[in-house]
Each structure stands twice: as structure tokens, then as C-alpha cells.
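Hi there,

Here is the structure I promised to pass on. Have a look at it first, and then read my notes below.

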Amino acid sequence: MIRSRRFFACCALLAVVSFLTGAAQTQSSSAQSPPTQPAASPATFHTGTNLVLVDVVVRDKGKPVTGLAAADFRVLEDNQSQAITTFEEHKATDAVKLSEPPKLPPHVYADFPRYRTASAANILLLDALNTPMQDQKSVRQKMIRYLGSIPPGTQIAVFTLASRLRMVSGFTTDIGTIERALSQEHTPVEKSVLVHPEDNKIENDIAEAMRGAATDGQAADLARAIEDFNDDREAFQVQQQAGITIAALTQLGRYLSTIPGRKNLIWFSRAFPLRFMVDNLRQDQDYGKPMQVMEALLARARVAVYPVDAGGVMNLGDTNIANVTAPTDLGGTRDLPVAVAEGVHDDISVPQRWGNEQAAMKDLATATGGEAFVNTNDVGRVVEKAIVEGSNYYTLGYTPRDVREDGAWHTIRVQMPEGKYDLAYRRGYYATVANQPGQAAGPNPMTAAMEPGVPPLSQVIFEARVLPAGDPDLRGLQPTPGAAGRPPSPLKTPVTRYFIDYSIDLHELELKDLPDGRHQAELEITQALYDATGKRLNATDAGLEVTMTPEQMTRDLKSGVHVRQEIDVPADNVSLHLGVRDAASGRIGTIQVPVGSAR
């Protein structure tokens, strides 16, 4: 269920002074296992409300419609009418206000969200995983030419996707920063880590030649074997592309969930290997729970996806374009399935793949409330349209009548009495599936969140004081005997022990109510060291069960939960990545700190 994030004035700034005096291992809370009690089902303490937020773009002949009221809308969940309890109109002309992070003492770092509040934020995702290099170059060149016409105050962040997601530039309104992020010198185009299906052409040509020259069954069998090999390889490539893409969008959803308001994800790619849920009809069941987790995270983060075909105007060469689309009496196009049904089969493989990818793009846009852009070379117009459209919208909020956190899919329909407008909005959500641990396949979420280049997360808010052993502020604190960490190879000497004192905001955690009246938080706290090349040098990981009496919880809601960790740091310029994960909800917070000789 969608929960509104509540930041209270009393806890927005965690109590720094309390842990600067020297935090105990779990000061003010106990990390031991609770005493044995009769079996019971512990309740969960939620810090938010079951509020579903739906951003709706209203268009009339392609232009945004403004000045509407809540009474103009009707919302249905699972075909049941819902009472609209919150309503807000957002315009592209809204004032942009800077949210300043708090000033922290020396050696203290925090993962407070640092963003500008505006009607919407925009993300450019340059997809090298699913896009040939020549198309990547073309998109970047056209984007750079367009930058001069971007409206002042527009927030844009730039990400790339190759073997994994990388943040090239965080949210900024500075056009120069965006231009540098898009430049070849700053972010060179990349060859896909997976062979593109078009690269199978040589093997396909060989198989075709062998079939034509076959004079006996052996040559024909060999040709069929080559074709089968190519089919298997292409299926494996598509599967790998989809897996990497799901993992990247999951990370992006976690990151964007820390930023308020609507986000417009403008995704440049040549292939879109995912089919999103639309109106409760899943067209691709191959990826199961990871796909659901990804979709739920993007919905919670209020992300509308604007997929853009990076190939521009399709050029099929010798392939018959009529096999894909054809003019109709209404001036539209005829879809590929219609052409196939009518017996048009020649040279169908390439157009069919193109048609399937365009269908995936449209599913993606419809499911999230965006718009798909295909068969166009006007990158500037595409981005401008996505930004303008995505910055003029209405936010409708309602509390579902039937609140069940069962992970089920719930459809959303928005209607207007007159029915004369074109509406874009997300078509549903999974009830809490994004916050349930253990459902996403692949690496531990903390492992992925701590990798170099991964955007910082602020789903769990915390501060951390980072000091080397011997610092006067530690007041003679001695390191724990033995090594601190699991380095894959011996650390470069001299090695320095560092102490990390955490203060974790309880308001972002989901606590269990224990039968004896106490409350319990399950935390995973991770430290990882990387050198300048991104090689991991050392890491520690601790799972803690922090239990609190009602009195302790009242105090910790104001000051935070205090935890101390240690890690050995080599004599190198290294980056220390700190992460806190709430095991009950799956929320993660991370920050990066320079340590060692780089301090």
C-alpha cells in the first residue's frame, strides 16, 4: 500500500549531540534477543497512512488542461468508487524552492534527501544495454543541441545503463552540468555487454546459404541446427537484458522514492525487453516477483515512464514496411498482428521484433502514466513534450475501502464526467509487495545499493560520525581486538581502524509490537570500502534486532537509535560506503564518505 512519508520537525534533524558524546554499541536500546514468550503473531507498527496517490495528466488535443477541481474527477479501485481525500494541481510555472540540508558538525555525514521541490523532476536514462552505439551517439548529439531551449528551472538528472545503473549527474537546473553529463568526454558511449539480436545476421546468412545449397539431408540438418543455436542465443540474450534492466529500474525506483512529487523518466533505448502490467493482464510472466517488486517501487515513487525509440525513424531496408503498419481509412496504422492475420508473412522477423518492442513501449507508458515516442528523429520535441506534459498534472489521493496488505494487484481507473479529455495515469499498484523482503531475485539489495556509481538512497534516514582510532573525540575508545571486516586480499599497510557511530531515524522504520509491550526493529548495517577503480577492498555487515521499551521508543523517536560499528581502512584514497536497511520494510539508506589519505 502507498504510504505517505512523514517528516516531523522534532526528528528531521537527528540528535547529533547525543551520539557525539560517544555512542555505545546499542545505546538506549538493547540488541539482544527478546525473552521467550508464548507463540504469538506480532503486529507491525507503521509510521505512515494507507494513502494511494495518483498523478493524472489531463490533455485536450495534445495540450495540458489546467484549472480543474476535485469534483471533476472520479477514482475507482478494482471497479469500486473511492472518495478523493486529497487533491492538488501542479503547474510547470510553480516556484522552485531549494530544500537546504542541515548543517552538520565535522566528520558527521547524513543521507538527508537533497532535492529541489517543483511540480516534477525529470530523469534522462541513456540505455547502452539495449541500444547500438550509433543510435546512442545520435541521441546525445540531438539532446545537446536541444539543451538551450529547456525552460529555466527544469530539474534534470542523467543516468546510464550498461552492465548496471550509473548516476552521471544528480538533479540540477544548471544546463552546463547536464551538457557535460551528456558529452562524449564525460560519459562515452558504450557497446552493449550483450550481443544485439541483429548481430546474429552472419550466422543466419550462413544458415540460409547452406539451406539453398543443400543437396542432401545432412546439409539441411546442419542449417536447422545453426538456426536453432541462433534462436537459443537470442532468447538467452533477451533474458539477460531483461534481468539487468529489471535490476536497474528497481534501483532507480528506490532512489526516486526519496524525492517528493512526480518523476518523468525519459528512457532512450532501441529495445524495451519488459512488458508492464496493464489492466491486470500480465503479458510476460517470465520474471515473476522481481518484475512485481520493480513495478511496485516505480508506482510508489510516482514515476511516469516516457520510453523513446532511440533508433528514430525506422529504416527496414529491404524489409517490407507494410508488414508492420499500413495506412487505414481513418488515417491511422494497421498493427503487425492484423497484417499477420491477413496473410502477410514475407520478411516478417525484423518487423515483428520491432512491432513487439513498440507494443512493450506503449504498455510501459500506459501502465505508468507516461507516453511512448516512436518513429521520430526529433529528440528535442520529444523531451520538451515529456517535460511540459509531465509538469502539468493533478494529484488525487484516496484511502482504499478494502485495505489488505496481501501483495495483490489492484487496478486504478480515473474518469471525468464529460469524458472529453485524454487522461494519463498509472493503472494500478501492488499492495505492499515492494516492501516485502526476500522477494527480489539476484544479489542482496544492500550489495547492489552499495556498489560504486549507484545513486544514494534516503529511504531510511540516518547520520553517521566517522572517526579514526586515536581521534580526541573518541575519548580513548579502543578498537575491538581482531580484524574489522572481510577483505578479499590483504589491506595495504598501514591499516587504520575507523569507528562509525550511527543515529538512525525511527520514523522511517517498521517496528514489530512484541507480546511483552516492547517494540523491535530489525536492521542490517553495512560498510564497504572501494578504491578509485571501484574495486572492493573491505566490508562489514551486521544484522541487529533492536528492542525498545515504550519509554525507550519515545526517547529514540526524538534522538534516533544509536549503533556503533568498526572497519579497517588501508593507506589508500578510498571511498567508504555506509548503508542501513530496515529488514521489515526493505527500505534502504546509503551515503558515501571519503576516508584514509583522501580525507
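**Aromatic rings and charges**

Phe-73, Phe-87 and Tyr-394 are linked into a cluster by ring pairs. Rings of Phe, Tyr and Trp (its six-membered ring) pair if their centres lie within 6.5 Å; planes under 30 degrees apart count as stacked, over 60 as edge-to-face and the rest as tilted. Searching the whole structure turns up eight aromatic pairs.

A word on the ground rules: this is a predicted model, where local features need pLDDT of at least 70 and side-chain atom pairs count only at pLDDT 80 or more, while totals for chains, interfaces and linings use all residues. Residues are numbered from 1 along each chain as its sequence is written, and side-chain values use heavy atoms, with hydrogens and water left out.

Arg-262 lies over the face of Tyr-393, 5.5 Å from the ring centre, and Arg-427 lies over the face of Tyr-425, with 4.4 Å to the ring centre.

Helices (H or I, at least four residues) and strands (E, at least two) are DSSP runs, numbered from the N terminus.

Strands pair if DSSP finds at least two bridges between them, and here are the partners of strand 22:

- Strand 21 (residues 511–513) runs antiparallel to strand 22 and is joined to it by two bridges; Lys-512 has Gln-520 as its bridge partner. Five residues lie between the strands of this hairpin, where Gly-517 takes a positive phi near 95 degrees.
- Strand 23 (residues 536–548) pairs with strand 22 in the antiparallel sense over twelve bridges, and Glu-522 has Glu-545 as its bridge partner. This hairpin also has five residues between the strands, and Gly-534 takes a positive phi near 90 degrees.
- Strand 25 (residues 573–582) is antiparallel to strand 22, with eight bridges joining them; Glu-524 stands opposite Arg-581.

**A contact across the sequence**

Lys-142 is in helix 3, residues 133–146. Lys-142 and Asn-377 are 235 residues apart in sequence, yet 8.8 Å apart in space, C-alpha to C-alpha. Leaving out residues up to four places away in sequence, Lys-142 touches Asn-377 and Val-379 (contact means heavy atoms within 4.5 Å).

Note on methods: A charge sits over a ring if NZ of Lys or CZ of Arg is within 6 Å of the ring centre and within 35 degrees of the ring normal.
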